[in-house]
Amino acid sequence: MTSRYRSSEAFQGLNSPSPRRRTVVKAAAATAVLAGPLAAALPARAAADAPAFLHGVASGDPLPDGILLWTRVTPTSAAIPGSGVGPDTEVSWTVAKDKAFTTIVSKGSLTATASSDHTVKADIRGLEPATDYWFRFSAGGTDSPVARTRTAPAANAAVAGLRFGVVTCANWEAGYFSSYRHLAARSDLDAWLHLGDYIYEYKSGEYAARGTVVRPHSPANEIITLADYRTRHGKYKTDPDLQALHHKAPVVAIWDDHEFADNAWSGGAVNHTEGAEGTWTARQAAAKQAYFEWMPVRPAIEGTTYRRLRFGKLADLSLLDLRSFRSQQASTASGTVDDPNRTITGRAQLDWLKAGLKASDTTWRLVGNSVMIAPFVIGSLTADLLKPLAKLLDLPQDGIGVNTDQWDGYTDDRRELLAHLRSNAIGNTVFLTGDIHMSWANDVPVDAGTYPLSASAATEFVITSVTSDNLDDIVKVPEGTVSAIAAPLIQIANRHVHWVDTDRHGYGVLDITADRAQMDYYVLSDRTNANATSSWARSYRTRTGTQKVERTYDPV
């Protein structure tokens, strides 16, 4: 998340003489105009006349008896992502119990067309629970890479443990996706969770690494049209580290704002100018269409990413969509964060979440949550720290300690949800959160003002960004400099916060047993180095029945 406020001048339209701070690509632009920037989305070895699988393969949303398989075929050299051209192409898929494909358990075929950007999804059923499988696609005599996937445990299975990689906020121009590479190197993941901001929408150079573009994305303009969003997704899927992780384990993904535009809400976004950039309705529809084309996500409710997966008797995972239904972010000066008519979830989704948590019979209730739910006030930070922190969190730079893009801006929804957990004695609820570009380990108090005298209703593990700027990047000081000063002050003002690291990039590994849920936090040596190393930083856990976080001194 970043602060990208727009001038009212941008509402004057595409033909306005007023200076524009971004290049707008019209939806009706001809393929010839798009060909240059679109071609940049492909690796150097573009397809000639034979079909090619240039964007890898992926799997997602594991079920006890099924898995969703994905790929994108490039049928001809002209049929690049977003081009809207290329012939219908038959794509077959094969699933086997072994990497050599000697024991085939499922096969079939689909037709890739320009109308779906030549992406295909195969929703495979009839598989065995808690089982590794290998799969590949084929077209025109060409085979895709071979990938591993894994089904979920049977619904009533007694599961000893689960292990998930956890990532968020991967900005292409800000560095390399080494977090994905290090997760792919593991052999112990049941799945990996992407908590939002899988792609970023900005034009080239607008949001990079401390202002420096490490590697240019495509298209160079801010993505607005369906062709733009398809091209950007296609560029991301050429990343070798991202492909490697998709080839190693199934993903469970939700979106946040940058899959659309910065600080998106149901009727617009901070980074969207109505009129000059078309209508929000059209832009949102384009972003959603491209997302569902390019991601191995099985929407339980069409057009959203909120859904629920179950992993035996050990855990269920409620996945939230906190962009499609939310009210516009409040002004902290207006005092409307407590308005009961404003919502972050929408009524239907909040009721769905509450009902699911209450009905759950698993040991753990996990919630995939794109923005932080634990309350956060800035406290008495010095001016030199307050200004960059306010920029990162989209706050007025006057010291008011609330981030209205998070649950702090929708306090009535949060109060209702936490009261529901307490009044129904729903324990072992763990929020898994992205967005904020920092690492946190939080209790989620019913009343932050009196905590720890008041109860904690849940716990929260927040994962830092893969590459997107965090606090030391904004201040442009050596890594660790800001965190050493800011973290203690944040914890003094927020007694439910057990740990915060404001400065480093990386990923998490969540390990769950009947006794505890533990998050191991890993950090990268240098996001701008394609060969960055990874090291364990900290671990926190919540033990069953406690609703509180505690530090533990060894990773799993």
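Analyst: This is a predicted model. Let's start with one arginine: Arg 298 is buried, at a relative accessible area of 16%.

User: Which side chain does Arg 298 meet in a salt bridge?

Analyst: That of Asp 123, with 2.9 Å from N to O. Arg 298 sits in the loop between α5 (280-294) and β14 (307-311), while Asp 123 is in strand β5 (residues 119-124), so the pair ties together parts 175 residues apart in sequence.

User: How accessible are Arg 310 and Asp 361?

Analyst: Arg 310 has 24% relative accessibility and counts as partly exposed. Asp 361 has 51% and counts as exposed, because the cut-off for exposed is over 50%.

User: What about Glu 416, which residue does it form a salt bridge with?

Analyst: Lys 354, and the closest N and O atoms are 2.8 Å apart. Here both partners are in helices: Glu 416 in α8 (residues 411-423) and Lys 354 in α6, so the pair ties together parts 62 residues apart in sequence.

User: Is the lysine, Lys 354, buried or exposed?

Analyst: Lys 354 is buried, with a relative accessible area of 16%. Glu 416 is partly exposed at 21%.

User: Which residues do salt bridges with shared partners join into one network?

Analyst: Arg 163, Arg 186, Asp 188, Asp 511 and Arg 516.

User: OK, switching to holes. How many cavities of 30 Å³ or more does the structure hold?

Analyst: One. The volume of the largest cavity is about 40 Å³.

User: What lines the largest cavity?

Analyst: Its lining is made up of Pro 62, Arg 150, Thr 151, Ala 152, Pro 153, Leu 162, Asp 190 and Phe 311.

User: And how does that lining split by class?

Analyst: Five of the lining residues are nonpolar, one is polar and two are charged.

Note on methods:
Residues are numbered from 1 along each chain as its sequence is written. This is a predicted model: local features need pLDDT of at least 70, side-chain atom pairs count only at pLDDT 80 or more; totals for chains, interfaces and linings use all residues. Side-chain values use heavy atoms; hydrogens and water are left out. On a 1 Å grid over the protein atoms alone, a cavity is a set of points where a 1.4 Å probe fits but cannot get out, and a pocket is an open set with protein on both sides within 12 Å along at least five of seven lines; lining residues have an atom within 4 Å of a point. Grid points are joined across faces, edges and corners, and a volume is the space filled by probe spheres set on the points. Ala, Val, Leu, Ile, Met, Phe, Trp, Tyr, Cys and Pro count as nonpolar, Asp, Glu, Lys and Arg as charged, and the others, Gly among them, as polar. A salt bridge is a side-chain nitrogen of Lys or Arg within 4 Å of a carboxyl oxygen of Asp or Glu. Helices (H or I, at least four residues) and strands (E, at least two) are DSSP runs, numbered from the N terminus. Buried means under 20% relative accessible area, exposed over 50%, partly exposed in between (1.4 Å probe, protein chains only).
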